[in-house]
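User: I am new to this structure. Please walk me through some of the terms used for it.

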Amino acid sequence: MAIEIEKKYLGADFGQLPGKLRELRAKSFGAHFETNIMFDFPGNSLFAQKKLVRLRKNEWPDRAECILTCKGPARIELEGMKSREEIECGLQDATRMREILLAIGLVEVARYEKIRQSFELWGAKIELDTVPFGKVVEIEAGPEAFGALEKALGLDKCETSSKSYHELQQQWRVKNRLEPDASFVFPEKIRQKERQGIGLS
């Protein structure tokens with residue numbers, strides 16, 4: 001079981017970040033389209049325990065992967081960092097796994113989508129995420145690495161958050177006077193455009 005330590009940055013300049021990452025010789029893994037399904041038992045007992053079960057599909061122009069993830073309760077660290085236990089397993093067939101999860105009594109509680117550009121720099125994972133309600137940078141690293149990464153990438157002046165994407169989305173919906181909705185997916189025309197923009201059909 002791994003411990004995930006991450007931090008989100010809001011309001012970053014996505015026009016300049018890829019160039020800065022290239023200048024720093026970050027390893028690029030390209031952009032992919034991400035589809036996520038969240039599961040819980042009827043009555044939301046996992047949510048009540050601050051646990052998460054997620055089925056994810058990542059699509060690149062030349063390949064795809066499926067991952068089942070279970071996360072434990074989050075612990076908020078200093079300066080907006082969040083850590084939580086995480087167990088992941090790669091899958092060959094996401095459709096079959098979804099059927100298994102439903103068969104044992106779990107139900108789908110939310111779906112969300114994102115375009116993710118992934119990089120690795122100084123041992124840290126850096127994700128540039130486009131979601132239906134905005135753009136977010138997410139860094140996963142050791143706690144001692146965040147300060148240097150923030151300065152090198154010009155993120156040290158950005159607002160930071162330890163909130164999940166679900167929580168950020170709910171916050172955005174309240175701000176924009178929209179009804180609560182656990183899911184956040186792209187409208188069909190925007191989804192097609194975003195997928196085509198990274199070479200997907």
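Analyst: Here are the terms, each set against its cut-offs. This is a predicted model, where local features need pLDDT of at least 70, side-chain atom pairs count only at pLDDT 80 or more, and totals for chains, interfaces and linings use all residues. Residues are numbered from 1 along each chain as its sequence is written, and side-chain values use heavy atoms, with hydrogens and water left out.

User: Why is F133 called buried?

Analyst: Buried means under 20% relative accessible area, exposed over 50%, and partly exposed in between (1.4 Å probe, protein chains only). F133 has 15% relative accessibility, so F133 counts as buried.

User: What makes the pair of F133 and F184 edge-to-face?

Analyst: Rings of Phe, Tyr and Trp (its six-membered ring) pair if their centres lie within 6.5 Å; planes under 30 degrees apart count as stacked, over 60 as edge-to-face and the rest as tilted. The centres of F133 and F184 are 5.3 Å apart and the planes are at 75°, so this pair is edge-to-face.

User: How do you know that F184 is buried?

Analyst: The relative accessible area of F184 is 4%, so F184 is buried.

User: Why is W172 called partly exposed?

Analyst: W172 has a relative accessible area of 30%, so W172 is partly exposed. Ring pairs link W172 with Y112, F133 and F184 into a cluster.

User: What makes K8 a charge over the ring of Y165?

Analyst: NZ of Lys or CZ of Arg must be within 6 Å of the ring centre and within 35 degrees of the ring normal. K8 lies over the face of Y165, at 4.8 Å from the ring centre.
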